[in-house]
Amino acid sequence: MSTRFEAATFTGALGDGRSAASRSCEVRLAAHGLEVRPEPEARWRLWPYHQLHAGVPLHADAPDVLLSLKPAGAETLFVAHAGFVRELLARAPTLSAGRQRWQGLKPGLAVAASVLALSLGVWTLDLHPAQAVARAMPQKTRQALGRNVVEAVAREHKPCRAPAARAALDRLTRRLAAAASSTPLEVHVEVLDWPLVNAFAAPGGQIILTRGLIEQAASPDEVAGVLAHELGHALELHPESGIVRALGLGAASQLLLAGSSGTISNIGVVLAHLRYTRLAEREADAHALRILKGAGIASKGLGDFFERLEGKRPFRPAGKGSRPPALEVLRTHPSTPERIARVRAEPPYPATPALSAADWQALRDACGRAAPLPAPPRPAAGDADRDIAEASKALEANPDDLAALQRRARAYAGKRQHELAAADLTRALALAPGDAGLHVARGLAHQSLRRYEAALADFDAAVRLAPGHAAARNGRGNANRALKRYEAALTDFDELIRNHPGYAAGYYNRALVHLDQQRQEDAVRDFTAAIAADKDYAGAYTQRGLLREKAGEREQAVADFRAALAAPAKYESGAWAHRTARARLAALGIAAP
Amino acid sequence: MVTADSALAATPGMDAPRISWVHPPRGFLGLSLLNGLLRILTLGIYHFWGKTEVRQRIWSAVRIDGEPLEYRGTGGELLRGFLIVFALVLVPMALAGLAAAILLPAGPGRGLYEMGFWGVLLLLSGFGIHRARRYRLSRTRWRGIRAGLSGRSGRFAWTYLWTLLLVPVTLGWIVPWRTVRLQKALLEETRFGDKPFTFGGRAGPLYRRFWVVWLSAVLLAAGTLAASGLLLGLETTRTGARIPDLRNLSRATMAGMAGIAFAALLLFVMIRAWYTTRVLNYFAAETRFGGAAFALSAGVASFVWLTASNYLIRVLSLGFLSPVAEARAMRYIVDRLSLDRAVDWSEIGQNPDALLASGEGLAEAFNVDAF
């Protein structure tokens, strides 16, 4: 090989661009371009270096090169020689991969720089473009948007519209909304039958509370705190801005990250969104504290709820065998110690409970689930004694301490000292005569003491105070049945089931009325309905099993007794149901598990 | 004057053309990572240029008689095509969706609207497939001669849509027929230079394997359900519960059910690959160009390995290494593809669509692989 490269001649394949045939040619690297001579011609033709286009951006280690002439020359020249490529690169450096890529990078860098400048501008001038667009939206549009959001969620999770709960919720919403803004605020709150612990603000002042959240709250003040927080979001138009922002960012990222793998673009959008969310949460918290103070509701509830989310307070078990409540709320509502501290730092102010006991119970029964009436289901004996001691001490200091009276009555009832419980509840009712929950509790005490007339009077009063109160209606039905007023009892249970179709005990108790009146078939139907409402209803299985055994349906009866034993003893009839089912199985000669 | 040696084999005889893959010395890994980096740096805009360089490199690795294919598309063209689609399709559809969300309440009207929305989307995807293929072929050259796709994208899109709608109606039995029909529509309109490809494929030979796929899908689904039911039954006899508590299954039962489902899926993937390789090989054998027939020898095991490994490459790299997977897929075909007799290259003239192809109008710019 020659050391004078100018003189080196290489062999190539030349395509003339008119047919797909190619012919061999000679190529040499001259001062201003390639000199190409197709065989067998004698004339050398010049391909100027600045007009060359390479099939791929060139690297010095490329083994071959395909060349053509810009802009769209159909003639091609293929030279398979590494030395030729190196020499060519030295003379026509624009063909190199580095130079080619730089050309492609320029538009992208220009766009990136302008986006950066724009964002900096928005940032330094403190502009909120999404919020500005949201404010410009007419209220009608916002409400239509929000209704669609709520409807979409409500398709998956049934709204709970028990009249008493509705009324209680409306009272609380009005109280908060009046404190939220001096101008009338259009707010609508909907409770959905959803075990998730969460609350959402949708556009147009539409707020969703979940059954899970209400069940997990230990007091109405906690629900009020969460509601005030969501009202804060609504006041700041956060949901509307969120939708505008998501649309804008989505469009921008689609535009910018076109076609590239979705992963990058999505991560970007989510990160941007999260930052806004945290800011928005802080604003909503500030509003919540202001609203609660204005409404005269203690902000402690909001702090308690945050602590529950932080894991400092336990969540209630959501029932045997079911999973722990989904803590979805954590994802969008970052609950940080700093937020708790801000709430706790609020100086105390005069406050009253967010809801009356009756309203609170009605709200807890909104979805027709029998939430156990006294908040902790069955306190251990030691706890009850301690509660009695502490409450008695508080009552010595202040005989009119309503909360202490309620606490001691609950503890007495837990220890089956119903006489004492009734006495305390009578004192409590003198202090709060309009509280349906107190009437229900005293009615239950009378019922346990077999003083059915007195029980009926209490349940009657509770139903008059809160017509949608499930436990009140149920209690009156039971009292009427005990007094053999079967028609009245049936009316009560019919009404209860109509308003709370998920309240399993309603069917069970109506079935007992049917049994008293010898209507076995109706009874079987209602026990079956009770099981449909709660598949763990041991008493309903045993009752139905007894009826089936009597009817000669042995196998079905055995299946019912077995199911009764497999179900937990959740209701008062539970222990009886287990005992009876075991006895019947033994009598039928079947080994009980 | 010294003549340097060339690696070119200069045998202009009438042998069948050699189709081969010459792996680029730098491979595709570095390029993939560099493209990913530059894409992030430019907020994604470089995507189109990166994609173009990947195509240039893949195309140039494909050699016919030792000479490379050439990709002549540019990043600017892809960007322009995307912007047009963005303005004419994506934005109007997003606005239409938003308007529906605000104005239309849930109900039959909304359902009808959503059906129409999806219909348009499916129609557009058929349109997009044809446009993308036309763009890529028009930017593909060998020895300076352009390939191309004639025919109307709209007609292809209709065929694509109505045959797709028949898939659920026929319980999937239309699939082989549809595959052949779409392949025929695409191939018979494909040309290299001024010569068309011909495609003589029929659905009949595919059905000879397809019924096995269909039946195995049904049997495997039924078998999986039955086996899972058996496991659940065992669980209930153990626990004594009347109905198995699906939220509290024992670990053994859950592992058993997952294992059965996975084994069934694996078996189905193998059976499907057995069918797919048959489709590929059959389609190649029925494709002719200039009197020569193609032959492809895709095997089941190698195809399953390619598909599975490419899937993992894409997923595990979050899409950053897609170019590696694309190159591997192209190499898989090229390594196994041949022509059975010589083609007289001098008979093949330049593609007459030349002028149209170089016009940078909407038609050519409509290429977006994204949909």
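Mentor: Start with α24 and α25 of chain A, which cross in a left-handed way. Left-handed means that the near helix is turned anticlockwise from the far one by less than a right angle; clockwise would be right-handed. Helices here are DSSP runs (H or I, at least four residues), strands are E runs of at least two, and both are numbered from the N terminus.

Trainee: What should I know about the model and its labels?

Mentor: This is a predicted model: local features need pLDDT of at least 70, side-chain atom pairs count only at pLDDT 80 or more, and totals for chains, interfaces and linings use all residues. Residues are numbered from 1 along each chain as its sequence is written, while chains are lettered from A and ligands numbered from 1 in the order in which they are written.

Trainee: At what angle do α24 and α25 of chain A pack, and how far apart are their axes?

Mentor: Axes are lines fitted to C-alpha atoms, for helices over the stretch in contact, and angles run from 0 to 180 degrees between N-to-C directions. In chain A, α24 (residues 554-566) and α25 (residues 574-587) pack at about 140°, with axes 9 Å apart. That makes α24(A) oblique to α25(A). The classes are: under 35 degrees roughly parallel, over 145 roughly antiparallel, 65 to 115 roughly perpendicular, the rest oblique.

Trainee: Which residues of α24(A) and α25(A) meet?

Mentor: Contact means C-beta atoms, placed from the backbone, within 7 Å. From α24(A) come A:Val558, A:Phe561, A:Ala564 and A:Leu565. They meet A:Ala577, A:His578, A:Ala581, A:Arg582, A:Arg584 and A:Leu585 of α25(A).

Trainee: How do α17(A) and α18(A) pack?

Mentor: Helix α17 (residues 436-448) and helix α18 (residues 452-465) of chain A pack at about 160°, axes 8 Å apart. They are therefore roughly antiparallel. Their crossing is left-handed. The residues that meet include A:His439, A:Val440 and A:Gly443 in α17(A), and A:Ala455, A:Phe459 and A:Ala462 in α18(A).

Trainee: How many residues are in the largest nonpolar core?

Mentor: A nonpolar core is a set of buried Ala, Val, Leu, Ile, Met, Phe, Trp, Tyr and Cys residues joined through C-beta atoms within 7 Å. Buried means 20 or more other C-beta atoms within 10 Å of the residue's own; 12 or fewer is exposed, and in between is partly exposed, with C-beta atoms placed from the backbone. The largest core has 118 residues. Those with the most contacts inside it are A:Ala165, A:Leu176, A:Leu227, A:Leu231, A:Tyr508, A:Ala530 and A:Tyr537. It draws at least three residues from each of domain 3 (135-364) and domain 4 (521-593) of chain A. Those bounds come from an automatic or database domain assignment.

Trainee: What is A:Ala530 in contact with?

Mentor: Set aside neighbours within four places in sequence. A:Ala530 then contacts A:Ala504, A:Tyr507, A:Tyr508, A:Ala511, A:Tyr537 and A:Ala540. There is also a second, separate core of 26 residues, which includes A:Val36, A:Ala80, A:Phe84 and A:Ala97.

Trainee: What do the chain totals say?

Mentor: Chain A has 25 helices and ten strands. Of its 593 residues, 45% are buried. Chain B has twelve helices and ten strands, and 29% of its 371 residues are buried. For contacts with a separation of 6 or more, residues 24 or more positions apart account for 57% in chain A and 71% in chain B.

Trainee: Is A:Glu283 buried or partly exposed?

Mentor: A:Glu283 is partly exposed, because 14 other C-beta atoms lie within 10 Å. It belongs to α9 (residues 262-295) of chain A. Beyond four places in sequence, A:Glu283 touches A:Gly232 and A:Glu236.

Conventions. Two residues are in contact if their C-beta atoms, placed from the backbone, lie within 7 Å.
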